[in-house]
Amino acid sequence: MAAGRALAALLAALLAASAQLFPWEELCVFEMFVSKSTVQVRGVQTVCGSLTNFSKGLKTLKAVTWITLYVRLEEWMMLAQLGAAVELESWTQIVKDVSKTVSFTIALHKADNTTVMIKLKPGLSPSCRIRMKNVIRSELNIKVGENVTFTFTCSTPEKYFIMEIQKNIDCVSGLCPFGDVHLYPLGLPRLNRTYIWDVKASTKAGLELKFSTSWLRQIEPGKTCPDSVSYNISSCIDKAMVNIGTFCRNGSVSRIKLLGGVVMSLHLPWHLPFTNSGFNIANRASIKRLCIIESILKGESSITLMSPNYPLGFPEDELMTWQFVIPSNMRASMFFHNYSLSNCERKEERVEYYIPGSPSNPEVFKLSDSQPANIAGSFNMSLQGCDQDAQNPGILRLLFQVVVQHPQVDENVTHLVDLSKEKNMTVTIHPEGWPRHIPLMSEPICLICKDPRTCDRVLTLTSGAIYRISFLCKDLSQLRITAEKGIGCMDIRWCQRKNYSLSVPKAITRLSIQLHKFIWKLLATDMINVEITSPSLKLQHFTVERCNVSYRYSIVSATPETELSVGEFCPGGSIEKIQMRNNITISLKTYGKGFINESIPQDLKMSFVPHIKDECTFTVSPNPKAEVYLQTPNWRYGLPPSVSISWFIIVPSKQSARLKFFKDRMGVTCETGRAFVNIKEETLGAEEIVCREDELLPQPRNMHHNFWVNVSNCKPADKTQLTLQFQVTFADKPIDLGIILGVVAGAGVLTAIGLTVYCVKKKKKKTQNPMVGVYNANVNTQMPGKKALLGKGRQNNESHVYAVIDDAVVYGHLLKESNGSAAPEVDVYRPFDGPIGSLPPSPPPFSFRKDIKRSSNTEEEPPSLTDTDQDTYTFAHQKAGQSDGDANKKGKGDTSVPLLENKEQDGLME
């Protein structure tokens with residue numbers, strides 16, 4: 001308070017000095033002496049130091065300026081005393097601002113029925129005030145018929161104040177001032193201002209707001225206009241206000257007709273000088289609905305409109321209409337982007353279209369229906385509400401888009417898409433980047449029409465039908481095709497022998513739209529697996545350097561628990577076949593328009609096969625001069641735990657292969673179990689190479705036969721993963737001179753043997769006594785170390801079945817024992833019709849295989865052919881000393897009967 005009194009005394013002295021110079025130094029010394037605080041001293045020092053510089057110009061200041069100056073100083077000192085953390089204005093700047101203050105005079109005539117209110121912006125401190133007749137205030141309300149002069153205590157009042165000018169127009173009891181609406185009064189301060197016209201009218205009459213050449217564009221609530229100029233229109237129905245919408249300039253809305261009264265608001269920024277409202281008011285007959293909004297679209301454009309009160313509810317049981325004026329050579333399409341329905345007790349919410357020339361006007365649609373498209377020329381659309389449930393009314397609202405564009409050059413040309421012979425397939429035509437990128441409603445769009453009036457940005461066609469589609473689009477390169485086909489097998493008996501082609505149907509490639517992706521989803525039960533083959537093109541792992549085509553395949557094997565990315569592949573490699581477990585997804589992804597020509601010789605095929613033990617098996621069949629690069633699946637994240645992968649590499653004849661790994665170790669640390677790499681050639685007696693994860697991988701080595709590479713993973717420790725890459729190259733086998741000499745020598749030996757056999761044959765024909773194969777129980781017929789192969793017993797297994805028997809075969813059951821003893825076991829010839837296949841890959845240790853657990857009643861797998869071929873069989877021959885008489889007993893099944901006559905044996909001995 002002391003500082004305030006001292007400052008007042010100082011200012012009083014300043015007023016007295018307005019006619020003559022005053023000794024500022026004496027006054028300042030006095031004031032500093034009476035000041036009792038540091039803040040007061042600092043304030044007096046600042047004031048006095050600045051006033052000395054302006055002392056020569058003080059005579060020109062008016063009394064009113066001194067009052068304003070006093071107010072600013074008082075505010076400044078109060079803030080300083082309160083210790084506010086603000087940057088205090090210098091006294092010099094205060095004097096400059098005050099000297100520039102301008103006064104305003106607003107005179108409101110009674111006939112204008114207009115009021116003006118100036119008030120602070122919400123949330124701002126009163127750093128600037130209004131002064132009227134030496135009274136300082138924060139708000140000024142000028143009523144009808146008043147004449148007021150005022151000033152602001154700051155030079156930038158637009159930062160602090162807003163202004164509302166409201167004009168009330170009564171069209172019920174008096175004449176309406178129809179015509180152009182002007183901005184009144186003139187000479188207002190440059191503040192952000194809102195003009196409001198409140199027009200009261202009878203519900204039996206309609207009012208029309210007609211806008212000038214700068215038509216309006218509706219925006220969603222909460223959004224702003226680029227130039228900060230906006231219109232808000234509301235309608236009055238039974239004392240209830242309905243918000244028709246908020247609009248910006250430069251749009252397509254040319255007129256709005258309303259039933260009853262209207263409240264029109266125009267919001268203007270302080271820096272734009274406006275003299276005209278941009279609209280006029282006209283009287284019209286009753287429109288018998290809430291409102292009619294007219295929109296004129298002259299060229300290609302896209303507009304967005306909303307129902308009244310959006311996003312709140314449309315009034316109950318109301319009707320409104322949008323009129324669209326469009327040139328007859330243009331085409332319009334409707335899209336509902338956001339809508340909700342109320343709970344109706346009576347009637348039904350709907351939209352109705354009146355389209356000139358349509359045989360079924362009005363055309364009625366639900367809001368959930370696909371809306372009309374490709375409409376030629378002007379048309380109307382109406383929104384009809386219903387009687388809502390009083391307890392739970394719900395909300396009826398609608399946001400929609402109108403797209404107007406030129407018809408396609410070949411508008412009447414349709415494109416045939418024949419999917420009648422396809423099964424479980426969908427074809428989606430969509431904009432580029434969909435669905436991640438959805439084009440803005442303001443962007444030019446391409447429409448796909450499956451009939452003349454059903455068009456959309458995205459069109460999905462399903463298999464089993466023939467479609468005739470057309471396009472509303474200038475540039476078809478904006479569109480893409482994504483297709484998906486499902487192939488399933490629930491019973492291997494019905495689908496094991498079927499081959500399915502994984503090629504893009506011609507119905508898609510014939511369209512002049514680029515294929516983005518074709519997806520095959522291959523579904524099967526747990527015990528049925530998928531085999532993919534590429535006999536001629538063959539596949540290779542995708543790299544930018546090696547793949548110069550415009551498409552590639554992505555293969556994923558998935559279960560509900562895990563997903564294994566087998567890899568990405570392109571044609572032109574050496575992988576001929578891939579066998580996989582679980583459900584498979586194959587995606588063909590394209591890059592560029594060249595796919596249509598390059599994909600003509602597509603040869604990818606698939607079939608369902610019985611269960612395999614490995615998660616994935618590759619068959620590699622390279623060309624003689626090929627360099628093959630192979631890698632483990634799931635390359636980015638590493639091979640999943642406990643997964644086994646195998647490669648069977650076919651070595652071309654007269655060549656050898658060289659296997660090389662690209663790193664020294666597997667690079668994985670096992671938390672549980674072990675990881676292995678197994679390598680084995682497919683030849684008898686071949687050495688098997690086994691490496692664990694803690695061992696070095698094999699050095700580059702030459703392989704002379706077809707061979708297997710198997711990789712089995714453990715459960716890796718954190719932050720480690722199993723990824724392997726290896727290379728296989730091929731070279732011609734060197735010619736060995738020793739082998740050639742050995743072959744020549746062997747040929748001579750074979751010639752001599754052939755002559756001997758010829759002689760024996762000649763003698764053998766004299767007697768023609770048959771050879772008999774008799775089982776000898778004293779000879780072990782099992783291979784050492786493979787007892788499990790014949791574990792069923794002699795009566796149950798097939799170890800006594802011959803693959804080949806001499807042409808003179810005499811069956812043992814014709815032999816009888818003379819003494820009536822039991823007949824020996826006799827082998828019976830059966831033709832061999834089983835498979836003869838490659839050696840399987842060396843399996844990983846059983847502790848790492850998923851299917852280690854088997855039920856006790858599971859039938860054992862039969863031994864491989866290569867094992868049973870080594871089983872030993874013995875033929876019984878006559879012992880020297882047996883009599884000829886014994887030979888006569890051979891018809892009785894005696895096993896001691898000689899198999900060959902003595903005479904023949906003598907011949908053989910010779």
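The points below take the ground rules, then the sheet, the disulfides and the salt bridges.

1. Ground rules. This is a predicted model, where local features need pLDDT of at least 70, side-chain atom pairs count only at pLDDT 80 or more, and totals for chains, interfaces and linings use all residues. Residues are numbered from 1 along each chain as its sequence is written, and side-chain values use heavy atoms, with hydrogens and water left out.

2. The four-stranded sheet. Look for an open sheet in the order β45-β54-β47-β51, with antiparallel pairing. Strands here are DSSP runs of E, at least two residues, numbered from the N terminus, and two of them pair if DSSP finds at least two bridges between them. β45 (627-631) and β51 (701-703) stand at the edges with a single partner strand each, so one side of each has no neighbour in the sheet. Within the sheet, β47 (residues 655-661) and β54 (residues 725-732) pair over seven bridges. If you want a spot to check, L659 has V728 in β54 as its bridge partner.

3. The β49/β50 hairpin. β49 (residues 676-681) and β50 run antiparallel and are joined by five bridges. K680 sits opposite E688 in β50. Six residues lie between the two strands, and G685 takes a positive phi near 75° in this hairpin.

4. Disulfides. The count is eight, taking a disulfide as a pair of cysteine sulfur atoms within 2.5 Å. One of them is C446 to C473, with sulfurs 1.6 Å apart. That pair links distant parts of the chain, 27 residues apart: C446 is in the loop between β29 (425-431) and β30 (447-451), and C473 in the loop between β33 (466-472) and β34 (479-489). Both cysteines are buried. In another, C489 and C495, the sulfurs are 1.7 Å apart; C489 is buried at 2% relative accessible area, and C495 is buried at 5%.

5. The C670-C714 link. Here the sulfurs are 2.0 Å apart, and the link is left-handed, with -90° about the S-S bond.

6. Salt bridges. There are 21, each a side-chain nitrogen of Lys or Arg within 4 Å of a carboxyl oxygen of Asp or Glu. E422 pairs with K485 at 3.4 Å between the closest N and O atoms. E422 is partly exposed at 22% relative accessibility, whereas K485 is buried at 15%. R552 and E568 also meet, at 3.2 Å from N to O, bringing together strands β39 (residues 551-558) and β40 (residues 563-571).

7. The charged network. R674 and E693 form a salt bridge, with the closest N and O atoms 2.8 Å apart. R674 is in the loop between β48 and β49, and E693 in the loop between β50 and β51. Salt bridges with shared partners join R674, R692, E693, D694 and E695 into one network.

Definitions and conventions:
Buried means under 20% relative accessible area, exposed over 50%, partly exposed in between (1.4 Å probe, protein chains only).
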